[in-house]
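Hi everyone, thanks for coming. I'd like to walk you through one model today, so let's bring it up on the screen.

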Amino acid sequence: MANKEVDDWNAKLYDDKHAFVSKYGKAIIQLLAPKQGEQILDLGCGTGDLAYNLYEQGVTIIGVDKSEKMIQQAQLKYPSIKFIVRDVLDLTYSNTFDAVFSNATLHWVKQPQQALRALYSSLKPGGRFVAEFGGKGNVKTITDEIIRQIHQLEIPYSPENFPWYFPSIGEYTSLMEEAGFSVVYAEWIDRPTPLDGDNGLRNWISQFSSSLLDSTTELVKEELITRVETTLKGTLYQNGKWVADYKRLRVTGYKN
Ligand code: BEZ
């Protein structure tokens, strides 16, 4: 999950309030269809829950995440799994894995060509790359409002500060093909995602959008989040719950 310049992940908040990330990840494990004895790389393993699910299925799993805090928490929870702190762009594996699997991470990677090259190289010939991440339009209602409030509160911002990459199916599958993959499956999914508790949107913004708000004070950040909540309550607060406008991209490609 983590591919940010500063390791400002809160691994505990992540486990306490964003467990839905791993919960939804189970669908992508079905798409991966792991087999006992396979060597699989979990890219962006976060605090390790999906890596553990694969481990329990008899997979030899290596979990990689850019965030040291996430990896520390993962290693504490699952001492028998190998976890490594590493940016996808710094991976040096060659013909090593039967599969590379990634859930809710690749939208943090703003150099997708380089990432896809590293992942392609890390696979054995015939190996598969199976991923799910934010696709075109992901969380647009939330991020549009955050940016509108950033301007209103005169917080410094330029589009390069936008920390995510949310590609369309066409764009990403073309990049996969350029990297050498045979793309066998791609789907864009509208998946409204309930957030945990009355502070669901507040916690989501605090956990995930901090790099957009780094240049301001805690007080202004709080004000911005409150304004975003007030404006979006009519659209994203439904039946007593905050629901984020997630749009997922799911892909499978094979190394030739
Ligand atoms: C996502 O999983 O789509 C996501 C998570 C955090 C920030 C932006 C997108």
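Let me begin with a question: in which helix do Glu218 and Lys221 both lie? They sit in helix H9, residues 218-236, three residues apart, about one turn of the helix. Helices here are DSSP runs of H or I with at least four residues, strands are runs of E with at least two, and both are numbered from the N terminus.

Before going on, a word on the ground rules. This is a predicted model, in which local features need pLDDT of at least 70 and side-chain atom pairs count only at pLDDT 80 or more, while totals for chains, interfaces and linings use all residues. Residues are numbered from 1 along each chain as its sequence is written, and side-chain values use heavy atoms, with hydrogens and water left out.

Back to our pair. The side chains of Glu218 and Lys221 form a salt bridge at 3.2 Å, N to O; the term asks for a side-chain nitrogen of Lys or Arg within 4 Å of a carboxyl oxygen of Asp or Glu. Glu218 is exposed at 52% relative accessibility, whereas Lys221 is buried at 16%. For those words, buried means under 20% relative accessible area, exposed means over 50%, and partly exposed is in between, with a 1.4 Å probe and protein chains only. Salt bridges with shared partners also link Glu132, Arg191, Arg248 and Arg250 into one network.

How many salt bridges does the rule give? The count is 15. One of them joins the side chains of Arg128 and Glu38 at 2.8 Å, N to O. Arg128 is in strand S5 (residues 123-134) and Glu38 is in the loop between H2 and strand S1 (39-43), so this pair ties together parts 90 residues apart in sequence. Both Arg128 and Glu38 are buried. Asp98 and Lys124 make another salt bridge, with their closest N and O atoms 3.1 Å apart. Since Asp98 belongs to strand S4 and Lys124 to strand S5, that pair ties together parts 26 residues apart in sequence. Lys124 is partly exposed, at 28% relative accessibility.

Now to helix H2 itself. Its 13 residues, 20-32, should span 18 Å at 1.5 Å a residue, and the end C-alpha atoms are 19 Å apart, which agrees; the expected span is 1.5 Å times one less than the number of residues. H2 has a kink of about 30 degrees centred on Lys26, where the bend is the angle between axes fitted to the seven residues ending there and the seven starting there. Among the buried residues of H2 are Phe20, Val21, Ile28 and Leu32. Just after H2, Ala33 has a positive phi of about 45 degrees.

Where else should you look at phi? Asn95, which is not a glycine, has a positive phi of about 50 degrees. Asn95 lies in the loop between strand S3 (82-85) and strand S4 (97-103) and is partly exposed, with a relative accessible area of 42%. Ala104 has a positive phi of about 55 degrees, although it is not a glycine either. Ala104 is in the loop between S4 and helix H5 (112-122), and at 10% relative accessibility Ala104 counts as buried.

Last stop: Lys140, in helix H6 (residues 140-152). Lys140 is partly exposed, at 44% relative accessible area. Its C-alpha atom is 17 Å from that of Ser211, a residue 71 positions away along the chain. Thanks, all!
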